[in-house]
Every structure is written in structure tokens, then in C-alpha cells.
Amino acid sequence: MSARPLRVVGHPVPRVDAIEKVTGRARYVTDLTLPGMAHAKVLRSPYAHARVRRVDVTRARARPGVFAALAGADLTWCDPYYGPAYRDRPVLAIGVARYEGEPVAAVAAVDEATAEEALELIDVDYEPLAPVMTLEEALAEDAPLVHAGQPPAGHFADLSTLRPRPGTNICHQFQFARGDAAAALGGADVVVEDAYRFPAVQHVALEPHAAVAAWDETGALTLWASTQNPYSVRVELAKMFDVPLARIRVVVPHLGGGFGSKTYAKLEPLAATLARAAARPVRLAASVPEAFQTVRRCASRVAVRAGFRRDGTLVAVACDADYDVGAYADIGPRVVQKGTYTATGPYRVPHVRLEARAVYTNTTPGGAFRGFGVPQLAWALESLFDVAADRLDRDPVDLRRQNFLAHGEEFAPGDTPIDGKLEESLSRAAEAIGWTRAPAADRGRGVAAMLKASVAPSVSEAIVRLHADGSVTVLASAVEMGQGTRTVLTQIAAEVLSVPLARVTVVQPDTAVTPYDQTTSSSRSTAMTGRAVQVAAEDVRDQLLAIAAQNLGVAARELALADGAVVAPARRLTYPEALALKFGMSGGELIGRGVIAPGRTAAPLGGSTPFWEMAVGAAEVSVDEETGAVRVERYVSVADVGRAINPLLLEGQDEGGVVQGLGHTLLEEMLYADGHLLNGTLLVYRVPRADDTPSELECHFVENADGSGPFGAKGAGEGSLIPVSPAVANALARLTGVRLRDLPLTPERVWRALRARSPRA
Amino acid sequence: MTIRLVVNGRPRDLEVAPHALLLDVLRDTLDLKGAKRSCDTQVCGACTVLVDGLAVSACTYLAVEADGRSVLTVEGLADGESLHPLQRAFVEAGAVQCGFCTSGMLLTAKAMLAENRTPTRDDVLHYLRGSLCRCTGYRKIVDAVLAAAETAR
């Protein structure tokens, strides 16, 4: 059976939700309306750091059309704190506002205009406090503390070992070591070192965060939310309101992009709180500027030292990484340890010392963003790798190839062995960019590689139902946010059960209906949720085979599924016929169950990654020496994906990842001055436009069916973004001799560096 | 104020506030949710609709300005169940991901093709400067627009 050619898996079928999206019928949270629904608006702190001495909502509450007006001090009837690492974040500021834009009060009213007007009637007495806006300020001796006292840990098992440093702004420290890095660096023939900065950037999902919350007459809560993890949101709300998980229902319509910005609770706690106070459904829809005040990527500074032998063998890496996680931890501590864990990239390094700190500042909370801490470290290591190649007088491609981890090699004791072929990705990228041929005189080329672990341990469950007419329902909680998971899950079920795609329906995530899935992030949905769907569909298949074996008098091993029927050597039984035989009537259904739960292991982060995400990027750039403007002319991404379940969707995702990577490489940075965010709107925060994209952009895949996911698939979608910055900077360095250490590579930075460059011979 | 306009081919008499935005009237009064609210500042293009064939940002366009005009939203693009060539091209080229920019992209592309039936790739890249997409990297959107232009010839 396994040798059967695949009918739909591996084929570039159009996405199953394409028609509803091109006709405007696809529904997003902000498209929903409930009877009696109120509209919420949020009053936000104008200060980066302030004591909130008093919030008076009396006049707002009295305004006609207002159903509820709340301040932090009003939240005595619930636990107002939430957060996936530390429950350090109040729904509304209590006593202290810790960043500009922090919610201080909120109103639910008959319409948005009334709610907005009511905000004007709220009187807040602030006492501005000294803020810490940067890593340097936050880590200074006697720095003002963003949080006094230690908050309780959240619900992540591996974060129960959170290690804050009391009395400082360090909310978590992570260390990892093997061998003796100091001694190995001391004995290395060539040691290179430098420090690299990565900016705070915003996801700019075109759909800002939104939630609609409604409590029913029995005290149960339903939320329609733009979230990547309905099940994590459910946990937060259950704790806040002290209700059983079973009485909280989180429904997720289409998401207008996620990229990590919609992981863990964001607006949902406030929407649910307002709905309870207003005693009616409440819709809370953020604006784009409010999204900039909700979450961002953790900015970082990373100092790396790498020691090589004369022959190019990498022997040691020491790395000190500080991440700015902003005013509340969100998932920042996990970003920090997860990113730092793979600071050595896809290389064999016997001696390692990695230290990282998550640091509070009075800025927008930092959380998950495509790459989850790895882009910051890959920027440093992959830039430094080219510096080493120069010092060793080696070709950067060859030096990487020499040091790659091999397929099957251990990355760290107890963790999953390397499950891909890096040298194959590198060779294909080098070939596609034309590495061995000299570029035009005004062009430079660079490469970079990446390795990333997925979240572990994690759990995905799925249910597949085969109905009396032979159609199929898939129940799973992977969120469709544009990446195409609904299509991929459809393909997997259709493949296993041998039915057309149109006979399969994937139900939108709904915690009352679709089973547990930990999170739609970490590139895990195809590998983990997809595998659960495959197992559930195989469960249904086995039930069909058993029915047919019994009724046809044939051994199950002689049967197979084909075109909606169980096929025996001489006979076939359609699914409706099989079900009718089983149930003795034209009703009933077969239910299959899939559970993927690898559990905890001895791996350093507590679980073994279900797959390694691996990719290589190659860039060809030009620079305008007069203005410093860098242009990426050509870009090649090669990702080792095991198997592309849908090559069309995967290519689209990786193209998007490259262009998003070009954003933080060339354009994007959240800029603060005097405690204020200067560019928190799309008028002044520039994301890549169509005309910012490379003239040639190719995304390739290495497919050796060596992944643990369905049909040998691994996760994908983050890998294309991560090598972009170092590949571009390496290309710029090879073209101009200028090495930049701070992103983004703005024209001003490049121009200044070109001017400071010593004249070339 | 009473305004009279044609929306997706259908005449409408509407009572609107003088400050009402076309986007809110389309989404809330007419329940046409295809145009999306995002940046509110005419940068992202998610709310783009056509007014007398010209692409406008409905988030910053007063409903009263549409008085006496004809408005096309994404809901009016297909001919019954038969997709517009642009819609078909977007589906086939993989130009849709999250879908939040899609309606604006389609209508912007329609406005462009009305001006220029034989666009080059650079023409399309330039015309789409006012339409942001964070998912696709734009390449497949541009491919789709060029394919639709080809089909139309």
C-alpha cells in the first residue's frame, strides 16, 4: 500500500479556501456581528512608565450608550493577570503603566464612536516615572525596575524553571554548554568575534488583533478570536475567571495573517472582561497603531566568538545574547532560550558556551515572531561565519559545507538527530545563484544557513469522521492564517481515504468541537497536526478494511482503498455500502482518532524537536554608492522540507518569508525617542512593497521524505526568512568590503559605512 | 443625508451621516464585508474599492462623495458563479494566502488593467505600491495579474 503513487499529496492544488477569499465571502473576526453586540475602545497610557494614581471612569460610565467602563482597580471579581510565561500582565494597568500604549481603561458602548467619546471622559492621574527604553538602560546598575517583585510562572512545563534575577530587569536567564569553550577558544588557530544588533520590528499582519466575547446565561464564555492558539487562550481565560476549561469556547475564523503576533492571549482577556461587565457581547478590534502597542519582535544584541582550526574546522562558539522582551514577558523567555539553544546554527561545534538574558524594558511587549529568536542569532553567527572565511582565506560556501552537521548526527544529547541534508540545500542554493561564476562588477553575492528546532514537547489531536455518503469531516485545531493548513489537512485526509478533495471538509478551530492542538506556530502544523490527521484517517481506513474483510470474506491485507471504495481483488465496496453493512441502515459514521504526543525527553529544552527546520539563502545585491541604498536583485531560498505536501502553497509561504525577511534587513525598525514610539503607523513604518522585491526570487525544496511528519514531511515556513539578513549583509560585504553589524541596513547606515571605508586598492 | 449610488450594479438610496466613511457604509449598512479595514491611512490598500472605475481607499473616502456614482466591491466582481478572470488567475497562481489584502489587490488590478491592457511586470509592481501584502512576497500576485491580462487579450 505504501508504494502507491500519491494522488493529491505532493501536488500543487489550489487552496481550498481560495474561492471564498477571492469573492470576499471569507469571514474574519471583525466581519462578525452578534445581536446586542457592544463595541469596545481602549484608553492607553501616554507614558512609557508612570504610576497610575487614580483612574476615574464615573463620567464615562454615566454617558448614554455606554454599557461598561473599566479601570484596573475595578477588576476585583476576576484574577486580572495573564501571560504564558509569567502571569505578569494585568488586563488593565494596576498601579503602574509600564509602556506607552498599555491599556489603562476601556469602554464598551453601543457603537465605536460612543465608546471613543466616552474615553475622553475618563480622568487619569499619572505620575511619570523614569523609563528604561533600551537594553543598556535596563541592564545599568541601579536601573529603574520595570517590575518589582516576582510574578508566578505560567502554564508551560518547561518554563516552570524560569530563572529571573531578582532586583534587576532580567526576567529569565538561559545557559547551555558543552565541552570547554574558553579553553577551546584559547587554543584555536583563528578566533573571530563581534557583536550584532537586531531591531524591534512589528509583524504587520494586515488584520490587526480582534476578538468578540459573549457570556451566555449559564455562565459559559464564547470568544471568536484572531488567535493562533485557541487552546492557550482558553487556559488563560479559565484561570482569570476561575471557570472549567469545558465552559470556555474559543472559535477561530480566518486570520488575516499571524506570523506569531497572534500567539497566546492578546486582546481576548480584555474583551472577555468587558463582555462580563457589560452583560452583553463585546467586540474589540485593534487598529494598526494598537497592534504596534500589543506585540513586536524581541530586539537583541548578540556577542559571538567563534574559534577555528587552521584547516577551517569550527571548534568552539561562545555567545552572549540579550533580548529586549519589553514591558511584559509574554512568551519572551521561551523565545530567548529557544533561539539561543540553536545559536551554533547547523554546524558541528564540540565546545559551546551560550548565555542569554531576557530583559524587561518600558516598551511594547516582545513575543513570538516568525523565527522565534533564531533570526537574531543567525544574523550574528552567519555574519561572523563570513568574517571567519575571510580570515581563513576560504570560500564561505566551502567553509560552511565543511562544518555542517551530517544527516543523523546528534545536535545535542537527547535531542532528535539531524533529519535533513544541509549540504544538498547549500549546493542547490549555490548553483541557483551561480556561486562559482563571477557576478557582474556591480553585484555581490552572499549565502547564509539556518537551523531551528520546533516546539517540544507538544500535542496535536485530530478526529476524522466518514459519513454515510462517503464524505469526510476533519476536526483539528490548526489555525488557517494564510499559510494553507486547511488545504494541507484536506490533502492528507483525501490521500489516506482516497476521496476527492471536494469530499473533505476541515472544520474551523473551535475548542468546543475540534480537539486539542497546542499552537499554530513553530512551523509545526503540517508535521504535527497533519500527522494527527493522517493517523485519524488511517484509523478510519482500518475500520473500513475490517468491515470489508468481514463482509467480503477476504483478508484485510488483500484490500486497499481506491476512489472512495474498498477494493478487493475481484470486488469493490463503496464507502456508503460499507457503512450500510456495518450499521444495517443508511446512517451512522466511522470515527477515527489521531493523537501525536511525543512527551518529555532528556533533551536540553525538555522535549526532542519533532523535526529540524533547515534552510539556506543566497542573495545577489547591488548598492547605490551615492545614497547607500541596497537592492537585493536576486534571491534563492532552499528549504529542506522532507516532502512538500503542497508545493504551490509552500513556495508562496517561502516567497513571503523571504520578503518579510527583507523588511527587517533593509527597512523596518520600531524607533523610540524620549519614551515614545516614533513610527507606530503604516504611514511611517515601511514594510516591503511590491516594488521592493527582488527581480528574481526562487524558492526551492529539498525533498528526501526524511521527516517525522505525514508522508515524510517536516515543518517549513520560517526557514526562508531566517537567512535573509546575513545573506544580504554577506553579499554587501563581498561587494563593498563593508561589514555592518546593526539591522536594518538603511541607506544612511550603509552610506556612512561606505564613507568610513578605507579607500580600496 | 440621502445619497443615491449604484453598488455592484444595484441602485441604492441610503441615509448616511455627513462624516460617514464609505468603508463603514459598505461593511455595516450594506453588509459587504469584502473590503477590509486595516491601516486607516490610505497606505495598505486592504479597503480598496472602485468608484466609477477608479481605485479609492474606502477607509478615507466619505460616503457622500460617492453620491451619484457607481461603486464596485469584490462581491460584485464575479458574474454570478462565474469568476472574473482576475479572481480565477489569483486562485490558480497561488496569489491568495490569508486573503485580507485580496479584495483590494483584485480591484486595484482591475483598475490598472482598465488603464493599461498590456502591462509589463514593472508596470504591475509600480501600480501595486499602494497595496500591501505581508504573506505572499507579491510574486504570485504579480504573476496572477499578468496572467489575467494575458487571458483578457
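Tutor: A crossing is called left-handed if the near helix is turned anticlockwise from the far one by less than a right angle, and right-handed if clockwise. The model here is predicted, so local features need pLDDT of at least 70 and side-chain atom pairs count only at pLDDT 80 or more, while totals for chains, interfaces and linings use all residues. Residues are numbered from 1 along each chain as its sequence is written, with chains lettered from A and ligands numbered from 1 in the order in which they are written.

Student: In which hand does H10(A) pass H17(A)?

Tutor: H10(A) passes H17(A) in a right-handed crossing; helices are DSSP runs (H or I, at least four residues), numbered from the N terminus. The axes of H10 (residues 374-392) and H17 (residues 724-736) of chain A come within 8 Å and cross at roughly 30 degrees, where axes are lines fitted to C-alpha atoms over the stretch in contact and angles run from 0 to 180 degrees between N-to-C directions.

Student: How are H10(A) and H17(A) oriented to each other?

Tutor: Angles under 35 degrees count as roughly parallel, over 145 as roughly antiparallel, 65 to 115 as roughly perpendicular and the rest as oblique. H10(A) and H17(A) are therefore roughly parallel.

Student: What of H2(B) and H3(B)?

Tutor: H2 (residues 85-93) and H3 (residues 102-115) of chain B pack at an angle of about 130 degrees, with their axes 10 Å apart, and are therefore oblique to each other. H2(B) passes H3(B) in a right-handed crossing.

Technical notes
Helices (H or I, at least four residues) and strands (E, at least two) are DSSP runs, numbered from the N terminus.
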